[in-house]
Every structure is written in C-alpha cells, then in structure tokens.
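Subject: Structure handover

Hello,

Here is the structure you are taking over. Please open it beside this email and follow along.

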Amino acid sequence: IESMVANPMNTNREVRHMAKLIYNSNGIVTNVVDYMVAMPTLDKIIIPHGTSKSKIKKNKEKMEWALKTIKDKEFIRDCIFRDANEGICFYYCETTKPINDKDNTLSDYDIQRITEINSLDDSGMNISMISLSADYCKIVGIKNSSYVIAFNLDYFSDYVGDSLERKLKKYPKEIRDGYTAKNTKSNSNNWLILDNTKTIVHKIRSSKDEPWGRPLVLAALKNILYSDYFTETKRNVLDELNNKVIYETFPEGEKKGMSSLTEKQQKNQHETVKTAVMQKNSRGGTSFFSVASGTKLDSLKVGTDIFDEKNEKDLTDKISTDLGFAASLLNGSSSGNYSTQQNNLQLVISEVFSWIEGISSELNKVINANVIQDKVNYMEVYYLPCSLVNRKEFFGYMKDLYSSAKGSLSALIASTGVNVDAYMAMLDYETEENWENRYPIHATSFTMSGKDSANSDKDKSGGAPTIDNPTNQKTIQTKSNNG
C-alpha cells in the first residue's frame with residue numbers, strides 16, 4: 001500500500017482497481033463521489049464566435065444537436081464519476097456511420113462486454129461518445145495544448161471469431177483500422193496513437209506530463225484500510241463477547257492446591273454446571289443447579305473500550321478530511337459549525353467546477369472539429385458555475401447583474417435551471433397568441449401605475465387609492481411632504 005501511494009504512476013492500474021473496490025465497499029467514499037457527481041446543475045449557455053450570422057445560426061443548431069444527442073449532462077456526470085474513481089477518463093468522439101449488425105442475438109458474455117452502439121440521425125449526422133478503458137489507454141504527449149493518447153490493441157486479444165468481429169464493431173473506425181493493419185502487416189507494435197481531435201481526456205490531481213491521474217481516494221487509502229481493520233477487530237471482539245469462556249474453580253481442601261472434592265464429585269459437579277450453562281445459552285430461561293461450598297464460577301473478561309464511539313468518529317473525520325469533505329456534511333453529527341460547512345462546500349464546488357471546465361474544453365474541441373468544422377464561426381458550450389447548493393445565491397447574482405449592470409437575460413434564465421431556448425420558445429408562443437392583452441393582470445395597487453388610471457391624462461393619478469382626510473400620522477406626514 002505504501003508503494004502504491006508513493007508511486008501511483010508505476011502502479012496506476014492497481015491503484016484504480018483498488019479505488020473502484022473501495023467505492024463499492026466504503027459508504028463514506030460512495031457518498032462523497034456521488035455528491036460530487038450530483039452537485040453541479042450543469043445549466044449551460046452556447047457562446048457563438050464568428051462574423052457570419054447565417055453560419056453562426058446554423059452552427060449553433062449543430063452544437064445544440066450534438067449536445068442533445070450525446071446527452072451532455074449525463075456525459076459530464078460520467079466524466080466526473082470516472083475522474084473521482086479512477087483519476088482519469090478517456091472517450092472517443094465517433095462521427096462515422098456505424099456498422100449494422102444483422103445478428104439480433106447476444107450471449108451472456110457479449111451482454112457483459114457491450115459498449116455504446118452509435119446511433120445514426122435522420123439527417124445523416126452521427127455522433128457518440130465511446131468510453132475507452134483506462135487499463136488500455138495512456139497519455140503519450142500533447143498536441144495543440146490537448147493530450148494525445150495511445151490505445152493498447154491487446155485489448156482485443158481475448159476475443160476470437162464472431163465475438164472479436166462484434167467487439168470491433170462497437171469501437172471507432174480508427175481503432176478498427178489500426179487493429180486490422182497490425183494483424184495484416186504482422187506489426188509487433190501494440191500501441192495505436194489516436195487522433196487527438198477525436199479524443200476526450202481529462203485527469204485530476206496530476207501534472208500535465210504524467211500519463212494518468214490520481215483517484216480521489218488515494219490520499220485517504222491508509223485511513224480507509226485502517227478503518228476496515230478497525231471494524232473487523234470490533235467484530236472479532238463482539239464474537240468473543242457472544243462466545244465467552246466460563247470457568248469453574250473447585251473448593252480448596254486442607255492441602256493447598258488440592259480440591260476438597262473427590263475426583264468423582266469433581267466430574268459430576270463439572271457436568272452439572274456445564275449442562276446448565278449450555279442449556280441456558282441455547283434456549284434461554286432459568287437454569288438451576290447446586291454446587292459444593294467454596295465453588296467459584298467466573299468468565300474471562302473481554303475489553304470493550306474499542307466500542308467507544310469516539311474512536312470510530314475520529315476515523316470518520318480523518319477519512320472525510322482526506323477526501324476533502326467535512327464529515328459534518330456527510331452525517332450531520334460530527335463537529336463543525338454552519339460557517340465551516342459553507343466554506344468547505346465552496347471549496348468542494350470550486351474543485352468540481354475546475355474539472356467541468358477542463359471537460360467542457362475537450363467537449364468543445366471534438367464537436368467543433370468533427371461536427372461544426374468551421375474554424376471561424378465556431379461554438380463553445382459554457383456550464384454556469386451553479387450548483388444545487390448555491391443556486392439561490394447564484395440566481396441573485398444574475399438578477400443583480402441584469403437589473404443593475406446590463407446583465408444577460410440568457411444567463412438569468414439559465415441560472416434558474418430552465419433551458420434558455422425552451423423559455424424563449426414559450427415567450428414567442430405567448431407573444432404570438434397575444435396573451436398579454438387576452439389575459440390582463442388583475443388591477444391592484446401593486447400592478448397599477450399612474451398611467452393606468454382613467455383620469456391619468458388629467459390629474460396624473462393612479463396607483464393606490466387616496467384618502468381625503470387621513471388619520472394615520474405616517475400618512476399625514478407623507479401628504480404634507482407632497483407625497
């Protein structure tokens with residue numbers, strides 16, 4: 001374990017497998033990862049670039065189609081999940097027409113090994129994000145500030161015949177062609193360098209020159225394994241308590257070290273006590289027996305200090321701290337005030353959005369290169385730094401910007417969680433149907449102004465009704481000030 005923590009790049013495969021095992025077995029890790037995945041709302045805005053209005057409109061539609069087709073929110077959350085558990089995620093953006101497989105039946109083995117099947121859109125456009133196993137991918141360089149990865153073709157060595165053919169169909173054309181070329185030319189090189197304009201790579205907690213990332217759990221690995229050992233020890237102690245050892249001391253005779261009972265009496269008394277104790281343990285109730293004067297019954301004592309709640313609480317706090325989460329956020333019972341929790345939440349949210357920033361940059365790269373294919377009039381998708389925790393606060397920021405500083409209506413709408421285009425479509429429909437005049441707002445002091453009054457053109461009156469002879473001191477003071 002110390003070697004894995006000290007040299008995670010040399011033992012990255014083992015570290016990743018250990019991290020996934022811990023995610024499945026440790027509740028603290030499971031909750032931390034799941035909360036980080038669910039926390040961002042992933043409200044987005046598409047930012048257009050370029051000078052041609054017609055091309056910008058067309059390219060924006062392509063970007064919207066691509067994001068909808070790949071289910072971008074689900075894709076981003078999957079990236080965060082893989083980053084947290086494995087420290088890195090690899091995807092291939094496939095836009096070629098998929099190979100139709102006329103065989104509609106699969107074996108149990110095929111079902112277990114299935115990956116994403118590309119879907120062809122009616123318009124002839126196609127896009128899908130195919131996940132690549134981190135066990136068979138590796139960062140080998142950087143090109144145009146984007147990672148270049150290699151795929152190990154030995155991944156297909158476990159397949160033969162129809163299963164190999166079916167497996168290859170599920171993978172991108174570039175990988176299929178690479179595998180065919182390797183076997184045709186009898187090439188011994190098993191690593192295929194992939195086109196980095198088609199790959200999405202994101203890693204966490206590592207430098208740019210390292211081939212993989214570090215799983216979230218790595219820093220907490222020692223404390224997690226110690227916690228497992230601590231829990232197992234408690235179970236063993238509990239087993240000892242449930243299976244305690246009872247011993248009997250016969251009465252001492254005149255000669256020191258010798259019992260006053262004969263050998264036969266000792267045997268009979270032993271069997272009597274043994275039978276009574278065993279029957280009580282097996283069926284409960286009351287057992288009665290007689291023993292000779294001076295006989296002592298006792299049991300071996302088992303220490304129970306390990307069951308002190310403080311010990312387990314300390315371990316929980318340490319693991320949570322190693323993962324970057326305040327323990328009080330997870331169970332609500334650990335130490336920590338509201339201010340501390342809020343500060344910790346902000347730190348966690350900041351880390352998650354730094355991941356999303358990198359993932360969205362890669363997503364923009366592959367969609368612009370393979371779908372939009374216009375270097376001048378290109379698109380960018382931007383995910384607002386809004387989470388389920390700070391949505392109300394974030395909406396307040398957008399509202400203040402909109403009302404006080406010429407803010408964006410799109411950002412204001414998106415901050416509520418409503419899709420901007422859906423909201424605009426509703427406004428267009430309501431305007432076209434003349435809802436404003438067909439369904440007027442009820443006239444009240446809160447909705448009327450001076451111009452809404454019947455005599456507004458003459459006396460500029462309107463709003464709340466006036467009182468000729470007020471008695472309220474505040475009202476009198478207001479009227480005296482021409483209010």
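Helices and strands here are DSSP runs, at least four residues long for a helix and at least two for a strand, and they are numbered from the N terminus. By that count, the protein has 19 helices and 10 strands. Please keep in mind that this is a predicted model.

**Overall picture**

The protein has 483 residues, and 36% of them are buried. Now take the contacts between residues at least 6 apart in sequence. Of these, 69% join residues at least 24 apart.

**Confidence**

Check this before you zoom in. The mean pLDDT of the protein is 82. A value of 70 or more is reached by 79% of the residues. Which element has the lowest mean pLDDT, and which the highest? Helix α18, residues 456–459, is lowest with a mean of 50. Strand β7, residues 199–203, is highest with 97.

One stretch needs care. Over residues 113–123, pLDDT stays under 50. The model still has 26 contacts for this stretch beyond four places in sequence. Where pLDDT is low, the predicted coordinates should not be read in detail.

**Helix α2 and its two partners**

Two packed helices are described by the angle between their axes and the distance between the axes. Start with helix α2, residues 12–25, and helix α3, residues 27–38. They pack at an angle of about 100°. Their axes are 6 Å apart. Angles of 65 to 115 degrees count as roughly perpendicular, so that is how α2 and α3 stand to each other.

Which residues meet there? From α2 come I22, Y23 and S25. From α3 come G27, V29, T30, V33 and D34. The residues of this contact divide into 4 nonpolar, 3 polar and 1 charged.

Helix α2 also packs against helix α5, residues 72–86. Here the angle is about 110°, and the axes are 8 Å apart. These two helices are therefore roughly perpendicular as well. On the α2 side, the contact is made by R16, A19, K20 and Y23. On the α5 side, F81, N85 and E86 take part. This contact divides into 3 nonpolar, 1 polar and 3 charged residues. Look at Y23 on screen: it is listed in the contact with α3 and in the contact with α5.

**A sheet of three strands**

Next, find the open sheet. Its 3 strands come in the order β4-β5-β6, and the pairing is antiparallel. Which strands are at the edges? They are β4 and β6, and each pairs on one side only. From one strand to the next, the twist averages 35°.

Now go through the pairs. Strand β4, residues 137–143, is joined to β5 by 6 bridges. G141 stands opposite V148 in β5. The two strands form a hairpin, with 2 residues between them. N144 sits in the turn and has a positive phi of about 55°.

On to the other pair. F151 has L192 in β6 as its bridge partner. N152 is partnered by W191, also in β6.

Is β5 mostly covered or mostly open? Mostly covered: 7 of its 7 residues, 146–152, are buried.

First, C386. Find it in the loop between β10 (379–383) and α14 (391–404). Is C386 buried or exposed? The cut-off for buried is under 20% relative accessible area. C386 has 0%, so it counts as buried. What does C386 touch, leaving out residues up to four places away in sequence? It touches P40, T41, L42, D43, F353, R391, F394 and S415. Take S415 from that list: it is 29 residues from C386 along the chain. The C-alpha atoms of the two are separated by 7.1 Å.

Second, S360. It is found in helix α13, residues 338–372. Its relative accessibility is 9%, so S360 counts as buried too. Set aside its neighbours within four places in sequence. S360 is then in contact with V381 and Y383.

That is the tour. Over to you.

Best wishes

Definitions and conventions. Residues are numbered from 1 along each chain as its sequence is written. This is a predicted model: local features need pLDDT of at least 70, side-chain atom pairs count only at pLDDT 80 or more; totals for chains, interfaces and linings use all residues. Side-chain values use heavy atoms; hydrogens and water are left out. Axes are lines fitted to C-alpha atoms, for helices over the stretch in contact, and angles run from 0 to 180 degrees between N-to-C directions. Angles under 35 degrees count as roughly parallel, over 145 as roughly antiparallel, 65 to 115 as roughly perpendicular and the rest as oblique. Contact means heavy atoms within 4.5 Å. Ala, Val, Leu, Ile, Met, Phe, Trp, Tyr, Cys and Pro count as nonpolar, Asp, Glu, Lys and Arg as charged, and the others, Gly among them, as polar. Buried means under 20% relative accessible area, exposed over 50%, partly exposed in between (1.4 Å probe, protein chains only). Two strands pair if DSSP finds at least two bridges between them. pLDDT is the predictor's confidence in each residue, from 0 to 100.
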